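Visitor: I'd like to learn how to read the charged pairs and a helix packing here. Can you walk me through them?

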Amino acid sequence: MTLFIGIDIGTSSSKGVLTDADGAILARAERAHQVSMPQPGRVEHDAETVWWADFVAIARDLVDAAGGAPLAGLAVSGIGPCLLPADAEGRPLRPAILYGVDTRAGAEIAELNAEFGAQAVLDRAGSPLTSQAVGPKARWLLRHEPDVAARTAMLLMASSFLVYRLTGRYVLDHQSASQCVPLYDLRARAWATDWAERIVPGWSLPELAWPTEIVGRVSAAAAAATGLPAGLPVTTGTIDAWAEAASVGVRAPGDAMIMYGTTMFLVQVLTDPRPHPGLWGTCGTWPDTYTLAAGMATSGAVTDWLRKLVGGEFADLVAAAADVPAGSRGLLALPYFAGERTPLFDPDARGIVAGLTLGHGRAELYRAVLEGIAYGVRHNLEAMTEAGGRAGRLVAVGGGTKGGLWTRIVSDVTGLPQQLPADTVGASLGDALLAAEAAGIDTSTWNPVVDTVRPYPERTAKYEEYYRHYRDLYDRTTTVAHFLAAEQHRAEAPS
């Protein structure tokens, strides 16, 4: 039996799977962790105690589960894009600065837009400068922690840190690199060395490869630490959302993934770059593809907040909300409880529930939140269409697909069917698939579609009017939301 391991480092947990060559999951492992938030707007992970410790624990669990059967490959993925500065030996110099949830570099975003031109950045890098971009965070580091910046020899992310620790190779996949805006030239598929020299002068940027390339083998030292066999092939790896898309077969032009999780994330496959000011344009997982990506700041995080607020279990809330008609009996929610990423790029947007009366209860509130998130999905899909990337096939994945109500509401709001795969374990399964593909295995039959959620036309028609008011509500309340956000920032600021 030929076995593969995939391990993913997430925001709040790390997960791993052991599969055979047919994609059957033979074992799973998981380890929970937390982010560090040393100040408002700053979100970090310690690479040693989170990334490496999780990887070692999960790898040992999966090796034990293999029971001595031969392993043929390993792939890793992780949250990103992140900025982990490391010295020439790959030792972290500070905690990793995480992806778009870390908003510390607002001044640097404005500065780089002024320096290079916002349109020039979009044209060359494929994405606008936002809190998701690595370039502004790197400049923040040079400005605010010059001692760390002066000792930085490597720019690592979760996946590349693990690959370096396992193999000694300083390498990053093209997809992750293309989110290091504006350090990467999307059309050239290479580092934008002229801009990089102005942003991170003297830093050595990693070698570039594709996620399915074998870039090294597990060293003797790494084998001793992890229990993995020395010499095990290791692929380049990638960012978790793209590994998750791979896990459900999203790879052909027109394919799109909707990931239902703590946040909502969408990835659509293209044949050529389609820059849009409200989306992220990146390289794809495979050399002949590009992608458009969208990410909402919250989704499952809001439903969990509401569950804790009103009490009860998710199953009870879902059952109650399922009995509420479309439109939540006249409620409309903006799910911007942590600002909003695409396509608004407004960190000071705020959550709103409009239409509340004494007759509304937790069932209506819960359904209104699900509907608000679905309106956000539609907004992002419309932005993708504006960019010229209309989705031909939607595949749903993630914990939020369980229970059926949320996916039903999204299909009704968008008017689009969604395919459901056999397993929604996510990025770690995608990693195993990429490792298998690197070994020459045909993965076309992995994780097949087992069901399709189809929209009800009468509900889609009902939601059409609500969606127009959803878009209008944000425009009409922006000034108030920004005032309240400023008040919150002042209250949260260190004294």
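Predicted model: local features only at pLDDT ≥ 70, side-chain atom pairs only at ≥ 80, totals over all residues.

Visitor: Which residue does Arg-490 form a salt bridge with?

Guide: The general idea first: side chains of opposite charge can pair when their charged atoms come close. Here Arg-490 pairs with Glu-487, and the closest N and O atoms are 2.3 Å apart. Glu-487 is partly exposed, at 36% relative accessible area.

Visitor: Where do Glu-487 and Arg-490 lie?

Guide: Both sit in helix α16 (residues 457-492), three residues apart, which is about one turn of the helix.

Visitor: What about a salt bridge between Glu-111 and Arg-139?

Guide: Those two side chains meet at 2.7 Å, N to O. Glu-111 belongs to helix α2 (residues 106-116) and Arg-139 to helix α4 (residues 134-144), so this pair ties together parts that are 28 residues apart in sequence. Glu-111 is partly exposed at 27% relative accessibility, while Arg-139 is buried at 11%.

Visitor: Which residues are linked with Glu-111 and Arg-139 in a network of salt bridges?

Guide: The network also takes in Glu-108, Glu-115, Arg-143 and Arg-198.

Visitor: How many salt bridges does the count come to?

Guide: The count comes to 30. Another one of them joins the side chains of Asp-255 and Arg-393, at 3.0 Å from N to O. That pair links distant parts of the chain, 138 residues apart: Asp-255 is in strand β16 (residues 255-260) and Arg-393 in strand β22 (residues 393-397). As for accessibility, Asp-255 is buried at 8%, and Arg-393 is partly exposed at 23%.

Visitor: Now the helices. At what angle do α12 and α13 pack?

Guide: Helix α12 (residues 314-322) and helix α13 (residues 362-386) pack at about 90 degrees, their axes 8 Å apart. Angles from 65 to 115 degrees count as roughly perpendicular, so α12 is roughly perpendicular to α13.

Visitor: Which residues make the contact?

Guide: From α12 you have Phe-314, Asp-316, Leu-317, Val-318, Ala-320, Ala-321 and Ala-322, and from α13 you have Arg-362, Ala-363, Tyr-366 and Arg-367.

Methods. Residues numbered from 1 in each chain as written. Heavy atoms only, no water. Salt bridge = Lys/Arg side-chain N within 4 Å of Asp/Glu carboxyl O. Helix = DSSP H or I, 4+ residues; strand = E, 2+ residues; numbered from the N terminus. Buried < 20%, exposed > 50% of the residue type's maximum accessible area, 1.4 Å probe, protein only. Axes fitted to C-alpha atoms, helices over the stretch in contact; angles between N-to-C directions. Parallel < 35°, antiparallel > 145°, perpendicular 65-115°, else oblique. Contact = heavy atoms within 4.5 Å.
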